[in-house]
Number of protein chains: 2
Amino acid sequence: MAPPSKHRRATVHDVAAAAGISRGTVSRVLNGGYVSAEARAAIEAAIAEVGYVPNTAARNLVMRRSQAVGFLALEPHSLLLEDPNIGAIMLGANEVLSVADHQMVNLVVDSARDTERVARYLSGGFVDGAIIVSARTHDPITRVIAELKLPATFVGHPPDLHRSIPFVGIDNVGSARAITERLAATGRRHIGMIAAALDRDSGADRLTGFRAALGARFDPRLVAEVPLYDYASGVKGMRELLEREPGIDGVFAASDAVAAGAMEVLRDAGRGVPSDVGIVGFDDSSWASRTQPALSTVHQPAREIGRNAAELVLRQLRDEGPANVLLPTPIVWRASA
Amino acid sequence: MAPPSKHRRATVHDVAAAAGISRGTVSRVLNGGYVSAEARAAIEAAIAEVGYVPNTAARNLVMRRSQAVGFLALEPHSLLLEDPNIGAIMLGANEVLSVADHQMVNLVVDSARDTERVARYLSGGFVDGAIIVSARTHDPITRVIAELKLPATFVGHPPDLHRSIPFVGIDNVGSARAITERLAATGRRHIGMIAAALDRDSGADRLTGFRAALGARFDPRLVAEVPLYDYASGVKGMRELLEREPGIDGVFAASDAVAAGAMEVLRDAGRGVPSDVGIVGFDDSSWASRTQPALSTVHQPAREIGRNAAELVLRQLRDEGPANVLLPTPIVWRASA
C-alpha cells in the first residue's frame, strides 16, 4: 500500500493496512495491550514505514483537556514590541506552566479579525485556560472568557464586570505615591507628571497616587496626558510640560519608556538631569538601566507576576479556589533624581 | 438535570438530556439540518441552559486540520526580549495568517523541558505548520519538524541538513559588504568589526562581507568576537577594540543593539561619533533611531520577512511548491558615520 501523501498525517488505519493486521489489534498495541510478538513486530515495522505519530490532540480531546494555556496581551502591538515587561511576564508564566507540563500558547491580537478568531480559538477547546494582560471590560475576548467560564487570570486590575476571575497585580496608587514623595523630598518645587494610559486602571491609579503625594501642592496644569506607556509619548509629554512651566524641576513619568523619551527632550533643551530636573519612572524595565543617568524608578516584579498568574490558572484547573495576588513594588533609587 | 460542573465543557449529550430530545436530533440541528420548530426551540433553550459551545478542536480533527500555525524563535530568551526584529517578524506573519483565517500560536522555548514539550506539541496535531526563526541543524525541534514533514519555513539561512524546508532571508554577505564599503568611503583608516553570533549563518556571513569589503586592508586584530546580537555584547566588543587599537576610527557593529552598546563605550571614552569614530549597524530596528546620533545601518525588512514566511507555509498547505525568498536590504544612511 502507498504511504500516506506528504501532508496528510498517517493514521492507525494506515498502520493496520501496512501491517496486514486489524485496526483493533493495532489500537491494542498502541494502548499497551497484549498481542503476539509476531504481530507486535509487524506493527512496529508498519509504524516506521508509514511514519505514524500518535495524535495527542485527539487523545486530549477524549480527556477534555488540551494541556495548553493561552497567553494574551491586549495591548496595541506597537507597545507590545517596546514593553520589556510583557516579555518578562510571559517568561515567568511559561516557567510555571512548563514545570506543570502545560504548553503555553501566545496569541497575538492585532486587528478586529484577530479578535474574532482568537475568541473562537479560546472557545474551541484548544486551551484549558488563559492569562490575559491588560483586559478591559468591554473587550470581546474578555467577554468570551467570562461567558465560557474558562479558567483564567487577569494581569493587572480586573475589569469591573468580571470580578469572578482572579487577578495578579501591584498597588499602583501606593507605588506612585511613594516614588512621588521620594522625588519631592529631594527639594523640588515644581513637580509635574507625564500621565499615560488614563483609560486604564494602571494609568489612572498612578495619577491618583501622584496627586495624593503632592496634596495641596498638586497643580493640574503640570499633568501632561499622553496615550501610551511608550517612548514617543514621553517625548510629547515632556515638550508640553516644558512649554507650560519652563521652571519645572521634577517629573514623574508613568513608565520607564516614557521617562526615557522625556530625558531625550530635556537633553535637547539643555537641561541637566538630575541637576536641573529630577526625573523618576515606573517599571524598572531594561529602559531604566539604559538611560543616562540611570533612572530612579518603581520595581515591577514582572517575572513574579507571570509566575503567579500561571499558578492561579493551574489552581483553577485543579478545582482549588482562586485568590487575588498583590505583589510588592520596592523603589529602586538610581541617579536621575 | 444538573448543569455540567464548572470546568467540564458541556457536550451535545448534555444539550440532548436538557432538551429531552435524542442526541441525533440535536446533532442534526447543530449541522443545519431540518427539525420541527418546536424541537429547535427546545434545543436552543437547552444550549443556553447548559452553556454548550461547539468544540472546534474536535471538528478540526475530523478534517485533519487545526487551522493553526506555530511560531518559534529558537533564540536565547534574553535576546528575544531585546530584539525588536523578532516582534516585527511575528506581527508580519500574523497579518498573513490572520487573513487566511489561521491562528498563529507562539511557542516559547526557554529550557530543555520546553524543547521536549514543544516538540511533542508540534507532532501532536495541534498545528498544521510552523515558522522557525533561527533554526539550527542539530536542534531537536528542527529535527522533529523535518522528520514529521510538517509544512514549515525557516527565517534565516536553512540549516544544511534540512534543505527540503524553504526559507526566507536576506543576503547577509552582500549587505555587510555594502555598508562596510560605504563606511570606508568616508575616509576611515582603521576600521574594526564587532562580530556577533559567529556560530550562526547570519553572524558568520556578516563577517565574510566585512572582510570582502576591506580586501587587503582587512586586519584580523580589529575583529572583536562577541556571543550575541545584544547591547551588552556591544559594550564588551567596543572595549576590546579600543584596547587593541586606540586609533580605531570606524566600526561595523553586527546589529543595531551592538552598535548602541559600542556608542555608549565611545561616549564614556570621550570619543565623538562620527567626528572621531564612524559607526554603522545592521537591522534598522528601533535601536537605530534611538541612538545619539541616529545610526547609519542596513534595513532588514522584518515585517516583510514575517509575511513571506507565513505565505510559504500557506503555499505548502495548499500543496503548492515551496520556493526560497531573499528580500532586499537597502542601506539607511543617518548621522553616525
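Visitor: Which backbone atom does the side chain of B:Arg117 reach, and at what distance?

Guide: The model is a predicted one. In it, the side chain of B:Arg117 reaches the backbone oxygen of A:His102 at 3.4 Å.

Visitor: What makes the pair of B:Arg117 and A:Gln103 a polar contact?

Guide: The two side chains approach to 3.0 Å. The criterion asks for N or O atoms within 3.5 Å, one able to donate a hydrogen and the other to accept it, and therefore the pair is called a polar contact. Leaving aside neighbours within four places in sequence, B:Arg117 is also in contact with A:Asn94, A:Ser98 and A:Asp101, besides A:His102 and A:Gln103.

Visitor: Why is B:Arg117 called buried?

Guide: The relative accessible area of B:Arg117 is 3%. Buried means under 20%, so the term applies to B:Arg117. The residue is found in helix α7 of chain B. B:Arg117 and B:Ile141 are 24 residues apart in sequence, with a C-alpha to C-alpha distance of 9.8 Å.

Visitor: How do you know that B:Asp128 is buried, and where is its place in chain B?

Guide: B:Asp128 has 8% relative accessibility, and because the limit for buried is under 20%, B:Asp128 counts as buried. Its place is in the loop between α7 (112-123) and β3 (129-133) of chain B. A polar atom of the side chain of B:Asp128 lies 2.7 Å from the backbone nitrogen of B:Ser66.

Visitor: How many aromatic pairs are counted over all chains?

Guide: The count comes to 10 aromatic pairs.

Visitor: Why is the pair of B:Tyr231 and B:Trp287 described as stacked?

Guide: The ring centres of B:Tyr231 and B:Trp287 are 5.6 Å apart, which is within the 6.5 Å required for a pair. The planes stand at 25 degrees, and planes under 30 degrees apart count as stacked, so the pair is stacked. B:Tyr231 belongs to helix α11 (residues 231-244) of chain B and B:Trp287 to helix α13 (residues 286-290), so the pair ties together parts that are 56 residues apart in sequence. Both residues are buried: B:Tyr231 has a relative accessible area of 17%, and B:Trp287 one of 5%.

Visitor: What makes B:Arg206 a charge over the ring of B:Phe282?

Guide: B:Arg206 lies over the face of B:Phe282, at 3.8 Å from the ring centre. The distance limit is 6 Å, and the position must also fall within 35 degrees of the ring normal. In chain A, the charged end of A:Arg290 sits over the ring of A:Trp287, 5.7 Å from its centre.

Visitor: Which residues have the most contacts inside the largest nonpolar core?

Guide: They are A:Ile131, A:Phe210 and A:Met238, in a core of 74 residues. This core draws at least three residues from each of domain 2 (65-170 + 303-328) and domain 3 (172-298) of chain A. Another core, of 73 residues, lies apart from it and includes B:Ala93 and B:Val265. In soluble globular proteins, nonpolar side chains tend to be buried together.

Visitor: What does A:Phe210 touch, and which residues form a cluster with A:Phe210 through ring pairs?

Guide: Not counting residues up to four places away in sequence, A:Phe210 touches several residues, among them A:Ile191, A:Met193 and A:Val223. Ring pairs link A:Phe210 with A:Phe218, A:Phe252 and A:Phe282 into a cluster.

Conventions. Residues are numbered from 1 along each chain as its sequence is written. Chains are lettered from A and ligands numbered from 1 in the order in which they are written. This is a predicted model: local features need pLDDT of at least 70, side-chain atom pairs count only at pLDDT 80 or more; totals for chains, interfaces and linings use all residues. Side-chain values use heavy atoms; hydrogens and water are left out. A nonpolar core is a set of buried Ala, Val, Leu, Ile, Met, Phe, Trp, Tyr and Cys residues joined through side-chain atoms within 4.5 Å. Buried means under 20% relative accessible area, exposed over 50%, partly exposed in between (1.4 Å probe, protein chains only). Domain bounds come from an automatic or database domain assignment. Contact means heavy atoms within 4.5 Å. Rings of Phe, Tyr and Trp (its six-membered ring) pair if their centres lie within 6.5 Å; planes under 30 degrees apart count as stacked, over 60 as edge-to-face and the rest as tilted. Helices (H or I, at least four residues) and strands (E, at least two) are DSSP runs, numbered from the N terminus.
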